Amino acid sequence: MEKFGKSQPVKRIEDQRFLTGHGQYMDDDVPEGALFAAFFRSPVAHGRITSLDLDAAREADGVRLVMTLDDLAAAGIDTVMNAATVQNRDGSQAVAPDRHMLAKERVRFVGEPVAVVIADTALQARDAVEMIWMETDDLPAKLDVDAGGEPLHDQVADNRAFDWELGDEAATDAAFQSAAHTVALDVADNRVIITSIEPRGCNADWVDGRLHFAYGGQGVWAMRAQLAQKLNLDPEAIRVTTPDVGGGFGMKVMPYPEYFCVSVAAMKLGQSVHWMSDRSEAMLSDHHGRDLTSLAELAFDEDLNITAYRVHSKVNLGAYSSHFGQAIQTSLFSKVLMGVYDVQTTYLRVEGFYTNTTQVDAYRGAGRPEAIYVLERAMDRAARQLGVDPWELRRRNFIRPESFPYKTATGEVYDVGDFGMVLSRADAQTQGFAGRKVADAERGLIRGRGLCYYIESILGDPSENAKVEFCDDGTVNLYVGTQSNGQGHETVYTHFLSDQTGIPVDKITVIQGDSDQLPHGGGTGGSRSVTVQSTATLATIDVMIAAFTPYLADKMGVEETDVHFDHETFRAPGSNLTPTLTEAADMARADGRTDLLSHEASANLDARSYPNGAHVAEVVIDSFTGETWVDRYTVVDDFGNLINPMLAEGQVHGGVVQGIGQALTEHVVHDAQGQLLTASLMDYALPRAAEIPMIKFTSAPVPSTSNPMGMKGCGEAGTVGALAAVANAVQDALWDHGVRQADMPFTPLKVWELLNDGSNAAE
């Protein structure tokens, strides 16, 4: 066994194969003899289909099949994609117009799939797609997030998908009327494209009445359930697998139309069918994130204690209600509505609108960055308007350590926290700002500092499964229900099992992404994986120890109650037998006790955990050009107990870079006709290594009480804090230059215009 491994920064096991080119992604394992799919997509944002000529495509070289919606319907499947809905403020149910897997009579965004071509090679399929001719009666494109405009759906005359609320509107209004001070700020949260390293892709094969569907996703069981429902198959007739995945970010959680079309094609042709999107296709058709505006208002008493918080958000859903869209834009937004501040009078109103763009699911953080961004921008504005230090205003309003467990106005129960301690650690690590600001000013540079104190609620599906299997060759398989998208799950799970059982790390293999191997799994999303999966692994270990104990008691000649396991060996007073688990498995195998060679269990967490922390960004602006960059970045996080600090820090680094990217460079742009102008990496500006500073990370744990390990999820924490920290830093830099409203992204042109536009000057 590797000693002293617990909670240590162990290097990633999977990096060996990734860095040597041995990863197995969707395009690395195309079945021999597979056919290839390509999709004809709408070239216009809004129009009625008047003709669709497929003849040339059907006659093209290598083409085996061309399908439209009519062909899918003729195959007897349910062609309508599932969509989540919420309840409106007036008690009615929000609308969810049908979204078919291929366009029906009308197209509603550039990139909407209209037809699919299956051919012998990918090039032949793409060539045939170019031969499809579609004519449309073009309709006006609606791009603004507001009621009215050209209706996208006949049953939604004003394009408002939902109008939802949470909190006590009357009490909040009364608190504002009696407040000593009020602050209001309009906050824009710009639209982003997820841009995972590996685009979406899938493969389907139909053999002997059973569908094998492989895709780059974030969980296999939910996808299997969707396939069974839409294709009218028994779930047991479907196997879903997932190979290595090059980034998910929540975008790869939900089913997409392409997956069902490829599956139907495989069933019709009796051959494996493969599809992989290219980068521009992904940018057009993947679900985007953010794209909302919010009016945030805070009320204070004479002592600058927050008495009420009110938010009115308008969010873009894209052309349709998606699998999770409405739920994410409301419930997850509300989970962290209150942040870390002690206030019980709140009101949130969220309106969702349809536009002629691809779907928006608020991913790359699933609602949490949006909520914290709005609150922390408002807190920063309040501090400036009320003449108080932004750090002190937060300290004054923190929930006190002695107040935990603390029930928020939205019904969340925070189990533990020491926000003041975490902020003090961040303060101590960021001293010297004033001196740096003066030195920069002498060189014509403007330096600003921004703070964000975030909290998020993590869990997702609270249940998870695990299985441990002892193999004949002395190795051990650990089956898990989550799905790594690059986070390092294999390393975490392997070392966790080794720490708890003494099984050597090099003998453990983590098996994930196969619906045939476990009865159920919750997949990856909502920063749930390590917390929930480790809890399930602990439960499996308990089952395993309980199963081996009576067997070994008999071998040792002692009572069952005398046998104890010390995380490495079984021991009992009066016996010189001290077998490890692998040795005990060898003994059981020799005795024919195959029932002791496989153990599984499920676990369910009844409560969430609440990671939180302080992000401090320092930006520098060239006053002559508007160029803006992040010069220093410090994070102090309370993730509870860490299993592997190195991987936690890596997750934070990646999340912070995402946040910096959105704050400074990333921005989705459509023209007036709904054409996506940022549909390639030449036009969509991802952050580059040269633009990112060293990121200082410190763990300040307050162990959670909601799970046995005291952990708190960390997957999205970097992004949640980075947006507001960078934006507040830019606003701080610009404040003394008369700029009172600064919204992301802070491109050089925008910042230069803010500095030189007299309308932003202070009165």
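**Reading cores and helix packing**

Mentor: In helix α17, Val 652, Gly 655, Val 656, Gln 658, Gly 659, Ile 660, Gln 662, Ala 663 and Leu 664 meet Gly 718, Thr 719, Ala 722, Leu 723 and Val 726 of α18. Contact means heavy atoms within 4.5 Å. Helices are DSSP runs (H or I, at least four residues), numbered from the N terminus. This is a predicted model: local features need pLDDT of at least 70, side-chain atom pairs pLDDT 80 or more, while totals for chains, interfaces and linings use all residues. Residues count from 1 along each chain as its sequence is written, and side-chain values use heavy atoms, without hydrogens and water.

Trainee: At what angle do α17 and α18 cross?

Mentor: Axes are lines fitted to C-alpha atoms over the stretch in contact, and angles run from 0 to 180 degrees between N-to-C directions. Here the axes of α17 (residues 645-664) and α18 cross at roughly 35 degrees and come within 7 Å.

Trainee: Which classes of residue make the contact of α17 with α18?

Mentor: Ala, Val, Leu, Ile, Met, Phe, Trp, Tyr, Cys and Pro count as nonpolar, Asp, Glu, Lys and Arg as charged, the others, Gly among them, as polar. This contact has eight nonpolar, six polar and no charged residues.

Trainee: How many residues are in the largest nonpolar core?

Mentor: A nonpolar core joins buried Ala, Val, Leu, Ile, Met, Phe, Trp, Tyr and Cys residues through side-chain atoms within 4.5 Å. Buried means under 20% relative accessible area (1.4 Å probe, protein chains only). The largest has 98 residues; Phe 162 and Leu 734 are among those with the most contacts inside it. Helix α18 (residues 717-735) gives the largest share, twelve residues. Apart from it lies another core, of 42 residues, including Trp 221.

Trainee: What does Leu 734 touch?

Mentor: Neighbours within four places in sequence aside, its contacts include Ile 621, Val 739 and Leu 755.

Terms used
Buried means under 20% relative accessible area, exposed over 50%, partly exposed in between (1.4 Å probe, protein chains only). Helices (H or I, at least four residues) and strands (E, at least two) are DSSP runs, numbered from the N terminus.
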